[in-house]
Amino acid sequence: MADKIMRVEHVSKRFDGLLAVDDVSLDFASGSITALIGPNGAGKTTLFAIVSGFLRPNGGRVLYRGGDITGQPSHRLARMGIARTFQIVQPFADLSVHENIAIGAHLSRPARAAALAAAAEVAGLVGLGDLLERRAASLTVSGGKRLELARALAITPTLLLLDEVLAGLNPSEIRDMLPVIRAIRDRGVTIVMIEHVMQAVMSLADTVHVLAEGRLIAEGPPLSIAGNSRVIEAYLGRGAAGRLAAVGGGNG
Ligand SMILES: Nc1ncnc2c1ncn2[C@@H]1O[C@H](COP(=O)(O)OP(=O)(O)OP(=O)(O)O)[C@@H](O)[C@H]1O
Ligand SMILES: [Mg+2]
């Protein structure tokens, strides 16, 4: 069985009256691409925030490479190789693409020249190699997503958490990003991606975990998830799987 780089054990997170993450247990296999999917408000981003040290859980624990990292701050986890992107991209708008990426690279490379060189290499990997001197604010949506990805990659992560890096991209931009994500995995980086673009989930993910209303409702290979009636109902409402089957039967 594949090595587990991270294990989430019975993790819960409460916001006032709302149980945003409700007793979730799952794990991520080293060297794989895992997708985390589910309807809006399911708790996906909250789970990312917990495992990357931006939020403390109310219960449960998170193990990374076998060690308990629950509640450790994000800067320490970044040094341990856990990087995340943000659903709402937030670059330093007035800095260049190069400087924005170098900020992440500085974490492990105190010398400025080394950080800039590493940043340039990462920019090439995500397709921003020709835009290094551009102001971050001047990038297109797709450019901004690539920059967000590059900033996370610049810390040389072992585990990379991508929060909807394909959101807002058109179909051809999405197609262009798929090989970029695969190439990162092929360099040995374990990837967990929150994604609503199902075509990307189907084509990239080895394993899919489905959250709905804070709870893990299904997990498995992409094809098994696509036909899972609990998953269909989480997206389309109770009884939807039956209605779909009836329609299919009527037409077939
Ligand atoms: N800081 C917060 N304070 C209060 N409630 C929050 C906070 N962050 C998230 N929530 C709530 O927790 C629930 C889960 O939110 P979360 O952002 O994790 O969902 P998500 O699965 O990422 O959804 P989306 O697909 O829309 O990004 C939502 O009901 C949200 O409104
Ligand atoms: Mg989210």
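Visitor: Which helix gives the most to the shell around ligand 1?
Guide: Helix 1 gives the most, with 3 residues in that shell. Please note that the model is predicted.

Visitor: Which elements each supply at least two residues there?
Guide: Strand 2, spanning 18-29, and helix 1, spanning 44-51, each supply at least two residues of the shell around ligand 1.

Visitor: Which residues are around the ligand?
Guide: Around ligand 1 are Phe15, Leu18, Ala20, Gly38, Asn40, Gly41, Ala42, Gly43, Lys44, Thr45, Thr46 and Gln87.

Visitor: Now the backbone. What is the phi of Thr156?
Guide: Thr156 has a positive phi of about 55°, although Thr156 is not a glycine.

Visitor: Where is Thr156 found?
Guide: Thr156 is in the loop that runs between helix 5 (141-153) and strand 7 (159-163).

Visitor: Why is Thr156 counted as partly exposed?
Guide: Thr156 has 17 other C-beta atoms within 10 Å, so it is partly exposed. A buried residue would have 20 or more, and an exposed one 12 or fewer.

Visitor: And Glu213, what is its phi?
Guide: Glu213 is not a glycine, yet its phi is positive, at about 50°.

Visitor: Which strands does the loop with Glu213 lie between?
Guide: Glu213 has its place in the loop between strand 9 (207-212) and strand 10 (215-220).

Visitor: How many C-beta neighbours does Glu213 have inside 10 Å?
Guide: Glu213 has 15 C-beta neighbours inside 10 Å and therefore counts as partly exposed.

Methods:
Residues are numbered from 1 along each chain as its sequence is written. Chains are lettered from A and ligands numbered from 1 in the order in which they are written. This is a predicted model: local features need pLDDT of at least 70, side-chain atom pairs count only at pLDDT 80 or more; totals for chains, interfaces and linings use all residues. A residue is near a molecule or strand if its C-beta atom, placed from the backbone, lies within 6 Å of it. Helices (H or I, at least four residues) and strands (E, at least two) are DSSP runs, numbered from the N terminus.
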